Amino acid sequence: QHSLNKGEKLSNKQNIQTLFSKGKAFFVAPIQLLVLPIPKKEAEFVRIAFVAPKKKYPTAVQRNRIKRLCREAYRLKKVELHALLNDNHSWHLLIIYTSKEILSLEEIQIALKTAFKKVSNV
């Protein structure tokens with residue numbers, strides 16, 4: 001239930017490029033969420049990737065910490081967040097962390113929940 005296994009991660013380069021070109025963007029500080037609904041034929045309901053831009057965070061230590069926090073926030077709230085999404089589609093998601101400072105896990109969880117609520121309203 002509270003896991004994030006390899007099958008749930010969005011890693012195919014072509015899928016990520018499609019997400020950037022055709023996906024819808026939702027912004028809730030400090031998170032930008034790129035969303036692409038796809039026909040429900042794949043095994044996984046949601047595939048997700050996490051990004052911390054190199055321009056804002058020059059050191060790998062900072063980028064890895066941010067991605068680790070975002071993954072953990074998503075993993076803990078996954079069931080709750082999936083309940084907000086429409087079951088008629090599979091989803092490709094990309095979470096881009098945009099804040100200048102590194103926020104706490106709780107603040108990231110709140111931002112994720114708000115972003116997913118925005119997606120569910122559209």
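Residues are termed buried under 20% relative accessible area, exposed over 50% and partly exposed in between, with a 1.4 Å probe and protein chains only as cover. The model is predicted, so that local features need pLDDT of at least 70 and side-chain atom pairs count only at pLDDT 80 or more, while totals for chains, interfaces and linings use all residues. Residues are numbered from 1 along each chain as its sequence is written, and side-chain values use heavy atoms, with hydrogens and water left out.

Phe 50 belongs to strand β3 (residues 46–51) and Tyr 74 to helix α2 (residues 60–84), so the pair ties together parts 24 residues apart in sequence. Helices (H or I, at least four residues) and strands (E, at least two) are DSSP runs, numbered from the N terminus. Both Phe 50 and Tyr 74 are buried.

Tyr 57 and Tyr 97 form a tilted aromatic pair, with 6.2 Å from centre to centre and 45 degrees between the planes. This pair links distant parts of the chain, 40 residues apart: Tyr 57 lies in the loop between β3 and α2, and Tyr 97 in strand β4 (residues 89–97). Both Tyr 57 and Tyr 97 are buried.

The peptide bond from Ala 29 to Pro 30 is cis, with omega near 5 degrees. Pro 30 is located in the loop between β1 (24–28) and β2 (31–39).

Technical notes: Phe/Tyr/Trp six-rings, centres within 6.5 Å; stacked < 30°, edge-to-face > 60°.
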